[in-house]
Amino acid sequence: MSRYSIGIDLGGTNLRAAAIDENGNLLKKISGSTPVTEGPEAEIADMVHAARLLRDEFGRDGLAGIGAGVPGNIDMSAGVVVRWGNVPSFTGYPTRDELSKQLNTPVILENDANAAAIGEHWMGAGRGMDDFILLTLGTGIGGGIIHDGNIVRGHIGMAGELGHITVVPNGNPCGCGNRGCVEKHAAAPAIAAMAQLLRLGDNLSAQDVEILAEKGDERALTIWGSMGEHLGIALAILINIFNARMYLIGGGVSGAWPYFAPAMFAEIERRSMTYRLTKASTHIERATLGGEAGLYGAARLPLLGNAI
Ligand SMILES: [Zn+2]
């Protein structure tokens, strides 16, 4: 049997784990049951249980290692989460070493959006692309930068915090301490907040606003237009900095692409000279792996063996 690895994606609610072989074939995927809010010890136990189930099925011999994608700011060399906004109990907890000790297998800890970019590079829309940038739009906006075929990590692993690019100087306050971060103007909670403000309905989710846009609701279309503008400002900044060949938009909110993309492209065109000069060879499109990107990327890490 070929070599394989186990990827774990620790999301905002609970975990998913998959055994994926070195050719990118997903062998099996399972979900955990412990909410992350129960704290690191309970969550580690859940991760260990999931990894053991997969390892028992596919064997110890071919296992290259375990990669774990975790939200928040990661110190890769220490293998700890430095800051995870909604789940402070993980802060400083030796997540990587505890997992590695309990499983007696090498473990690599990575930011979940970086893992998603690595996944798209390996098996998704970024295949064969040595330079691209991924933005994942969900409850926040995650970012991953692939340059010369490698993920850009910065000096301890915190590079790519693209959701915190300022797009409105004195805009909505963000948990990071800044105001007007793109994730506060273009991620799912911002869409829901705009729907509330425009009295579109009670407690509508971003997905509800997408459905209303599909039906042609003018106010819903206005909301997506505003979201597209803010996303476009962030992309124009990224294009000016990186001149990458490709920019991928993933995450649950990216499904509303038909409603926000026109405003997004208009804003990029208006604000980025680099884009206007390179439009024919610059690709801005949707990511293709959906929710699986982070799993693929996490699994790819031990196979690459290039952790900090
Ligand atoms: Zn922020």
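Threonine 166 counts as partly exposed, at 35% relative accessibility, where buried means under 20% relative accessible area, exposed over 50% and partly exposed in between (1.4 Å probe, protein chains only). The model is a predicted one, in which local features need pLDDT of at least 70 and side-chain atom pairs count only at pLDDT 80 or more, while totals for chains, interfaces and linings use all residues. Residues are numbered from 1 along each chain as its sequence is written, and side-chain values use heavy atoms, with hydrogens and water left out.

Threonine 166 sits in the loop that runs between strand S10 (150–151) and helix H4 (183–186); helices (H or I, at least four residues) and strands (E, at least two) are DSSP runs, numbered from the N terminus. Leaving aside neighbours within four places in sequence, threonine 166 is in contact with Asn178, Arg179, Gly180, Cys181 and Ile237, contact meaning heavy atoms within 4.5 Å.

The zinc ion is held by four side chains: His164 through ND1, and Cys174, Cys176 and Cys181 through SG, at 2.0 to 2.3 Å. Donors here are N, O and S atoms within 2.8 Å of the metal (3.2 Å for Na, K and Ca); water is not among the atoms, so sites may look incomplete. Along the sequence, the donor residues follow the spacing H-x9-C-x1-C-x4-C. The angles among the 4 donor atoms run from 106 to 117°, and the zinc site is tetrahedral. Four donors get that label if all angles lie between 85 and 135 degrees; four count as square planar and six as octahedral if opposite donors are over 155 degrees apart and all others between 65 and 115, and anything else is irregular. For reference, the ideal angle for four tetrahedral donors at a metal is 109.5 degrees. As for solvent, cysteine 181 counts as buried because its relative accessibility is 0%, whereas cysteine 176, at 39%, counts as partly exposed.

Turning to the helices, H3 (residues 112–123) and H10 (residues 293–304) pack at an angle of about 80°, with their axes 6 Å apart. The axes are lines fitted to C-alpha atoms, for helices over the stretch in contact, and angles run from 0 to 180 degrees between N-to-C directions. That angle makes H3 roughly perpendicular to H10, on a scale where under 35 degrees counts as roughly parallel, over 145 as roughly antiparallel, 65 to 115 as roughly perpendicular and the rest as oblique. On the H3 side the contact is made by Ala115, Ala116, Ile118, Gly119, Glu120, Trp122 and Met123, and on the H10 side by Ala293, Gly294, Tyr296, Gly297, Ala298, Arg300, Leu301, Leu303 and Leu304. These residues divide into 11 nonpolar, 3 polar and 2 charged; Ala, Val, Leu, Ile, Met, Phe, Trp, Tyr, Cys and Pro count as nonpolar, Asp, Glu, Lys and Arg as charged, and the others, Gly among them, as polar.

Glycine 119 lies in H3 and is buried, with a relative accessible area of 0%. Apart from its neighbours within four places in sequence, glycine 119 is in contact with Gly124, Leu289, Ala293, Tyr296 and Gly297. Its C-alpha atom is separated by 27 Å from that of threonine 166, 47 residues apart along the chain. Asparagine 114 also lies in H3 and is likewise buried, again at 0%. Not counting residues up to four places away in sequence, asparagine 114 touches Gly143, Gly144, Ile151, Val152, Gly157 and Ala159.

Then there are the loops. Glycine 291 is found in the one between strand S12 (283–286) and H10. Its C-alpha lies 9.6 Å from that of aspartate 9, although the two are 282 residues apart along the chain, and glycine 291 is in contact with Asp9 and Arg16, leaving aside neighbours within four places in sequence. Asparagine 25 belongs to the loop between strands S2 (15–21) and S3 (26–31) and counts as partly exposed, at 40% relative accessibility. Asparagine 25 and methionine 123 are 98 residues apart in sequence and 9.3 Å apart in space, C-alpha to C-alpha.

Asparagine 104, in the loop between helix H2 (95–103) and strand S7 (107–111), has a positive phi of about 55° although it is not a glycine. Arginine 199, in the loop between helices H5 (188–197) and H6 (206–214), has a positive phi of about 50° and is not a glycine either. Asparagine 104 counts as exposed at 64% relative accessibility, and arginine 199 counts as exposed at 72%.
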